Amino acid sequence: MADVVGWLIDPYAFTFMQRALLVLAIISVVSGVVGTFVVHKGLAFSGDALAHATLAGVAIAFVSGLNVSLGALGAAVFTALGIAWTRDRARVSYDTAIGILFVAMFSIGVLVLSTRQSYTPDLFSFVFGDILGISRPDIVGAAVLGFAVLLFLAAFSRELLFVAYDPAMARTTGVPTRFFEYAMVVVVGVAVVVALKAIGIILVNAMLIIPPASASLLVTRLPRIMLLSIAFALTSSVVGMHLSFHLGVAASPAIVIVACAIFLCAVAVNRRRGAVPSGELVAS
Amino acid sequence: MTPTLGATRNGGTAADAASADAGERMGEPISALHVPAREPLAPEHPHDEYALVVRDLAAGYPGHPPAIDGINLRVPRGELVGLIGPNGAGKSTLFKAILGLIKPIRGEVLAFGQPIARAREQIAYMPQIEEVDWDFPVSVLDVVLMGRYQRFRPFARWTRADRDAAMTALDRVQLTPYAARQVGQLSGGQRRRVLTARAIARGARLLLLDEPFAGLDAAVQHDLIEILDQLARDGTAILVATHDLSCVANSCDEAICLNGRVIAQGPSAEVLTAEVLTETFQRHLLSVPRQDTVRIVADELAAGGRRDLLGGGDGG
């Protein structure tokens, strides 16, 4: 028994583990909420594109000596607006256009980095994630961005639901639908940046997709999907981090693997219950 | 062919008439000076009779010729009006242009005597069923509550009154037991009823329904028409785009035949003649009166074999 408690508590004797837990909690809440929209509005590919596109911002900021996280944020917002514009009025198909946009941004990132001869560990922490290297300013940055995103979603929850469900009637009613369609992609971009430093460009999209996808297999109402996503994301984070600590493996892939395991369990539960989640059925 | 004003069912309630009167007054301040505040449906104001007036409307998509042109039509209060035309006739374009979802090339649209942007609270729109995201995780009640949306206000929450109105509307379409269900779990007929309930919860006096009967079987279609009929009797003007001719012939007070332009408009029984339908659909259709209903037969063979019945039009 003491072993188990020790297994759970011992890691947090280290400051870097406390910081890691804190930033993962912030990431879990933000990506649980934003990810629900990502999964249900078909934005998964956009999320991946936004993550990869941040490399351009990270690289340019790094080379010119600016704040790397701000560079990532700038690139994410810029790319989000590009994606939203593409959805709105481009003449190529949506996923083709995003495919082009994000490899362009990623290429700019790699190109800029190739001008540097020396090894750049700071940058590689963005690519692969560096949970144990999270600093106090990183936590503050994630908290501020996360709070801004949640505040926006709370302020306009009615409008966002309306636009997501029936944009035509929403516009007829006077909702500025185009604003919200752009804003939603920007929100996804900001959520990506919140998790970027800890999880890394390559795996960050997993945090947005896997927990809400798992939750959606078990419950059907939006608020419940969000709450369950947050719970799943937190569980994956904590279990993954402990596995990483005790087994000496990289943290962010461990977290993603645990999230995938939860997803498989959700699939199994969903299949056992049949197609319709029974908890949601009302007497009729 | 102009619509017959006398066909209006019961008109609206006194309150509707008064509020519409007030609306009309804003649009036309000069005539307002002569009218007592509570006078319902004053005959010297023909506009009051109409929930929707469209004048010389043209609209389409950039880079293409206008999909609809020279559209003039009127939807009287308290009437169920069928808008019929073949696929590609411009029915959806017309709706979108009326609602301002696409910018008209020219023309004027008035709802209750006012520009459409100022009459939004009185209008509800039901887009084609596939334009709505049925997989999005919202409940039936959430959807009906959307009808209560009035204006852009951050951090606003639904009030008790909103919820009561939504539940009353659900009751009216007999979906109360489904309030907590995810909308994706509903059948085709139930989905139309949810969207109808949303329009009812809004208190809309003008409904624009784009293909509400598509994919419904006869019994379910009948239930929906009954709900719409009841709404019309309560004074709501309803414009229904459909290519179900029998439905328009049997259930709508008036019909508007559209194919890029308005081919005919008026009481269903008068409008739905073989000549008009042939011109609208660009092929021969037979309308066969049977007792008190009209059956439309779309049969190339029948049309070809009995050309004499159709007055010898050219083969479609």
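Colleague: Which residues of strand 3 of chain B point one way, and which the other way?

Modeller: Keep in mind that this is a predicted model. L80(B), G82(B) and I84(B) point one way from strand 3 of chain B, while V81(B) and L83(B) point the other way. Both sets are buried.

Colleague: What makes you call strand 3 of chain B largely enclosed?

Modeller: The count does. A residue is buried if 20 or more other C-beta atoms lie within 10 Å of its own. For strand 3 (residues 80-84) of chain B, 5 of the 5 residues are buried, so the strand is largely enclosed by the rest of the structure.

Colleague: How do you know which way strand 3 of chain B runs against strand 8 and what counts as pairing there?

Modeller: Two strands pair if DSSP finds at least two bridges between them. Strand 3 of chain B has 5 bridges to strand 8 (residues 237-242) of chain B, in the parallel sense. One spot to look at is L80(B), which stands opposite I238(B) in strand 8.

Colleague: And what joins strand 3 to strand 9 of chain B?

Modeller: There are 4 bridges to strand 9 (residues 254-258) of chain B, and the two strands run parallel. G82(B) has A255(B) as its bridge partner in strand 9, and V81(B) stands opposite E254(B) in strand 9.

Colleague: What is the strand order in that sheet, and what is the pairing?

Modeller: It's an open sheet of 6 strands in chain B, ordered 6-7-8-3-9-10, with mixed pairing. Strand 6 (123-126) and strand 10 (262-267) of chain B are called edge strands because each pairs on one side only. On average, neighbouring strands of this sheet are turned by 15° against each other, direction ignored. Helix 10 (residues 274-281) of chain B packs on the sheet, touching strand 3, strand 9 and strand 10 of chain B. The direction of helix 10 makes about 140° with that of strand 10 of chain B.

Colleague: What about the sheet with the order 2-1-4-5 in chain B?

Modeller: That open sheet has 4 strands, and the pairing is antiparallel. The edges are strand 2 (68-76) and strand 5 (114-115) of chain B, each pairing on one side only.

Colleague: Why does strand 5 of chain B count as paired with strand 4?

Modeller: The cut-off is at least two bridges. Strand 4 (residues 106-111) and strand 5 of chain B pair in the antiparallel sense over 2 bridges, so they meet the cut-off. In strand 5 of chain B, Q114(B) is the bridge partner of A111(B). Helix 3 (residues 91-99) of chain B lies across strand 1 (50-59), strand 2 and strand 4 of chain B, at about 110° to strand 1.

Colleague: Is E211(B) buried or exposed, and how do you know?

Modeller: E211(B) has 20 other C-beta atoms within 10 Å. Buried asks for 20 or more, so E211(B) is buried. The residue is in the loop between strand 7 (206-210) and helix 7 (218-233) of chain B, and has a positive phi of about 50° although it is not a glycine.

Colleague: Then why is Q174(B) called partly exposed?

Modeller: Q174(B) has 13 other C-beta atoms within 10 Å. Exposed takes 12 or fewer and buried takes 20 or more, so Q174(B) is partly exposed. Its place is in the loop between helix 5 (160-172) and helix 6 of chain B. Phi of Q174(B) is near 60°, a positive value in a residue other than glycine.

Colleague: What makes A201(B) buried?

Modeller: The residue has 27 other C-beta atoms within 10 Å, so A201(B) is buried. A201(B) is found in helix 6 (residues 188-202) of chain B. Not counting residues up to four places away in sequence, A201(B) touches V144(B), G147(B), R148(B), A165(B), A166(B) and A169(B).

Colleague: Over to chain A. How do you know that the span of helix 2 agrees with what it should be?

Modeller: At 1.5 Å a residue, the 26 residues of helix 2 (residues 15-40) of chain A should span 38 Å, and the end C-alpha atoms are 37 Å apart, which agrees. Helix 2 of chain A does bend by about 30° at V34(A). Just after helix 2 of chain A, G42(A) takes a positive phi of about 65°.

Key:
Residues numbered from 1 in each chain as written. Chains lettered and ligands numbered in written order. Predicted model: local features only at pLDDT ≥ 70, side-chain atom pairs only at ≥ 80, totals over all residues. Expected span 1.5 Å × (residues − 1). Bend = angle between axes of the 7 residues up to and from the residue. Contact = placed C-beta atoms within 7 Å. Axes fitted to C-alpha atoms, helices over the stretch in contact; angles between N-to-C directions.
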